[in-house]
Amino acid sequence: MGFKCGIVGLPNVGKSTLFNALTETAAAQAANYPFCTIEPNVGEVAVPDKRLDTLATLAKSATIVPTRLTFVDIAGLVRGASKGEGLGNQFLANIREVDAIAHVVRCFEDTDVTHVEGRIDPVADIETVETELMLADLESLERRVDALSKKAKGGDKDAKESLDLINRALALLRDGKPARLVERKPEEERAFHMLGLLTALPVLYVCNVEEAAAAGGNAFSKKVEARARQEGAAAVVISAKIESEIAVLSRGERTDYLAAVGLNEAGLDRLIRAGYALLDLVTFFTAGPKETRAWTVTRGARAPQAAGVIHTDFERGFIRAETISYDDYVAGGGEAGARDAGKMRLEGKDYVVQDGDVMHFRFAN
């Protein structure tokens, strides 16, 4: 089950530096965790989770396999991309394939690195990118209206539903607002997702600051954080330069380096966790002598769906899930202790998986 976060931004904001740091980090993890670089601009990174080590110790596991997030370095965008300027068409095609956007904005001054717009204004940069995405969505939706209107008048129920959603999205876009703000019912979510709107994707703003501001941010990043709060988005402060330098260090050297610059953890760890939260994902675990492994499902997923993430046969033949919460597993000193304490639950098909569940699935062949 792949979850992709597309890294976007104007040229010279630190986007590629950040992506390179991510892939260097992933390469460094490869000694312990499965890792693959699918394409030159795609990398998978482990989602940091301290619970894995604890579970593996209790289960006496031979290996640990974390859950992963895929980051895609999307071609740089410039003003006019919606009309094909620069690598606009490539940008728009790539961004339609991701589940969320990590929007890197320049929050540092450096006379050696020119800004494509000739000034440092991260909020204006955000608006440039957002405007291009809104223009692309507008064009995409307006092309569909006539055909859907004819089908809707002919009594096509699906066309009528799609047209209603499109009209609501168009009203917002024409008012300069992203499609993600469309008010919709849960039962409309699937049809809305099928519209493939760029501005419907959840956004995480990544404030790339100078090294001295990595711990507390700066005036530029504060403006971005304020905007993120206004629109219900997330924001993370990070120094791509620091991240690129620590990516190649050993674990011990990295800890020392971070302490020297006043950081408790790598910014990339916060970025990865923020991306995970942005996609509204939860983690469940399987634990045993062979391996302790983290698995990812969307919040609200039921037990058979979680089983299907491991193997489609598990979902198809699902009988029940033997489930222990993480806290109960630890308190019991492992599966046997938790079971003896009456903390193992037998959950059926309607059970909604909770973050931290340790699960064992029973299924019929």
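**Pockets, cavities and packing in the predicted model**

By class, twelve nonpolar, three polar and seven charged residues make up the lining of the second largest pocket, where Ala, Val, Leu, Ile, Met, Phe, Trp, Tyr, Cys and Pro count as nonpolar, Asp, Glu, Lys and Arg as charged, and the others, Gly among them, as polar. The model is predicted, and local features need pLDDT of at least 70 and side-chain atom pairs pLDDT 80 or more, whereas totals for chains, interfaces and linings use all residues. Residues are numbered from 1 along each chain as its sequence is written, and side-chain values use heavy atoms, with hydrogens and water left out.

The volume of the second largest pocket is about 780 Å³. Of its 22 lining residues, Asp99, Glu189, His193, Pro202 and Leu279 lie nearest the centre. Helix H6 (residues 189-194) gives the most to this lining, with three residues. Pockets and cavities were defined on a 1 Å grid over the protein atoms alone: a cavity is a set of points where a 1.4 Å probe fits but cannot get out, a pocket is an open set with protein on both sides within 12 Å along at least five of seven lines, and lining residues have an atom within 4 Å of a point.

Two cavities of 30 Å³ or more are present. The largest cavity has a volume of about 60 Å³ and is lined by Val8, Ile101, His103, Ile126, Val129, Glu130, Leu133, Arg180, Val203 and Tyr205. Strand E5 (100-106), H4 and strand E6 (203-208) each give two or more residues to this lining, with H4 giving the most, four residues. Seven of the lining residues are nonpolar, one is polar and two are charged.

Helix H4 (residues 122-153) also packs against helix H5 (residues 157-174), at an angle of about 145° and with the axes 9 Å apart. The crossing of H4 past H5 is left-handed. The contact (heavy atoms within 4.5 Å) involves residues including Leu138, Leu141, Val145 and Leu148 of H4 and Leu163, Ile166, Leu170 and Leu173 of H5. Its residues divide into twelve nonpolar, two polar and six charged.

Four aromatic pairs are found in the structure, a pair being rings of Phe, Tyr and Trp (its six-membered ring) with centres within 6.5 Å, stacked if the planes are under 30 degrees apart, edge-to-face if over 60 and tilted otherwise. Phe284 and Phe361 form an edge-to-face pair, 6.0 Å centre to centre with 90° between the planes. This pair links distant parts of the chain, Phe284 in strand E8 (residues 281-287) and Phe361 in strand E12 (residues 358-363), 77 residues apart.

Key
Axes are lines fitted to C-alpha atoms, for helices over the stretch in contact, and angles run from 0 to 180 degrees between N-to-C directions. A crossing is left-handed if the near helix is turned anticlockwise from the far one by less than a right angle, and right-handed if clockwise. Grid points are joined across faces, edges and corners, and a volume is the space filled by probe spheres set on the points.
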